[in-house]
Amino acid sequence: MTEETPQRCGFVALIGAPNAGKSSLTNDFVGSKVSIVSPKVQTTRTMIKGIGIFENSQMIFLDTPGIFKPKRRLDRAMVDSAWGSIKDADAVVLVVDAKRGFDDETRKIINKLNQDKIKTVLLLNKIDLVKKEKLLQLTAELNAAADFSDTFFVSAQTRENLDAFYKYLAEKMPVSPWFYPEEQMSDMPLKLLAAEIVREKLFLYLHEEIPYELTVEPELWERREDDSVRAEITIYVKRENQKVIIIGRNGSMIKKIGQSARQELENLLEERIHLFLFVKVRENWIDDPARYSAWNLNFQA
């Protein structure tokens, strides 16, 4: 880089209510899937780093769990992780689902941002699903509730206005050498990415509360002599009847989940993957400190 265009690098924390579109934005910026996406709320369990470059700036998007009223230990740890991401961020972005509007969860987030005097950029997402009149009214309500440094209107689905948003952030990053190699998209190990993609498929194919009462852990990620990868992943559930549902009649459900996850992994990594899934009952996994350590969550939150 010349003196006129110095390298810049920094962290961008994306916060907001569940299902506002933070993971979709992170994946778009990176240009590849690094964070799983689901129509169900509270899919993201821990902070995911998505690394990308826009013009002369390398930015690390911190995709955080949705902020909501916690009911369980895991919920508290997820919310704690989201707020903790702000500490190291060079820019904080509040992502709001424009279709959902100014709900109680967003109001509580704004109240805490105001209380802590955190300067924040407002990003209204999913504008393709909202009429202009409603969008203008929502924008006025949100800006009356907080002194946002700037407001952007985007759609992660159609990519409307995303490049303008990225350009704005890139210019705000501190002058600094890049923290990661140019080709790196995340700091997540491949075996953890594989486990997350399996968990995404469980959210996709299972209903009601089951996806929230399971955890997915990588057991093996081994390169074979033919340069393919053998991946072994265990799905832990709380009750025997949940195990029966995940396996399905004659193994039909676990087969569908495995095939879908394997195909996506092979497309992402451009490698041949041999994926083996196991389902086990571990009643108290949600109160096991080791699980929280693996997700970089605070067990004591």
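**The contact of α6 with α8**

Author: In α6, the residues L190, L193, A194, I197, V198, E200, K201, L202 and Y205 meet M253, K256, I257, S260, A261, E264, L265, L268 and L269 of α8, where contact means heavy atoms within 4.5 Å, and where helices are DSSP runs of H or I with at least four residues, numbered from the N terminus. The residues of this contact divide into 13 nonpolar, 1 polar and 4 charged; Ala, Val, Leu, Ile, Met, Phe, Trp, Tyr, Cys and Pro count as nonpolar, Asp, Glu, Lys and Arg as charged, and the others, Gly among them, as polar.

This is a predicted model, in which local features need pLDDT of at least 70 and side-chain atom pairs count only at pLDDT 80 or more, while totals for chains, interfaces and linings use all residues. Residues are numbered from 1 along each chain as its sequence is written, and side-chain values use heavy atoms, with hydrogens and water left out.

As for the geometry, helix α6 (residues 190-205) and helix α8 (residues 252-269) pack at an angle of about 135°, their axes being 9 Å apart; axes are lines fitted to C-alpha atoms, for helices over the stretch in contact, and angles run from 0 to 180 degrees between N-to-C directions. That angle makes α6 oblique to α8, because angles under 35 degrees count as roughly parallel, over 145 as roughly antiparallel, 65 to 115 as roughly perpendicular and the rest as oblique. The crossing of α6 and α8 is right-handed, meaning that the near helix is turned clockwise from the far one by less than a right angle.

Elsewhere, 6 strands form an open sheet with mixed pairing, in the order β2-β3-β1-β4-β5-β6, strands being DSSP runs of E with at least two residues, and two strands pair if DSSP finds at least two bridges between them.
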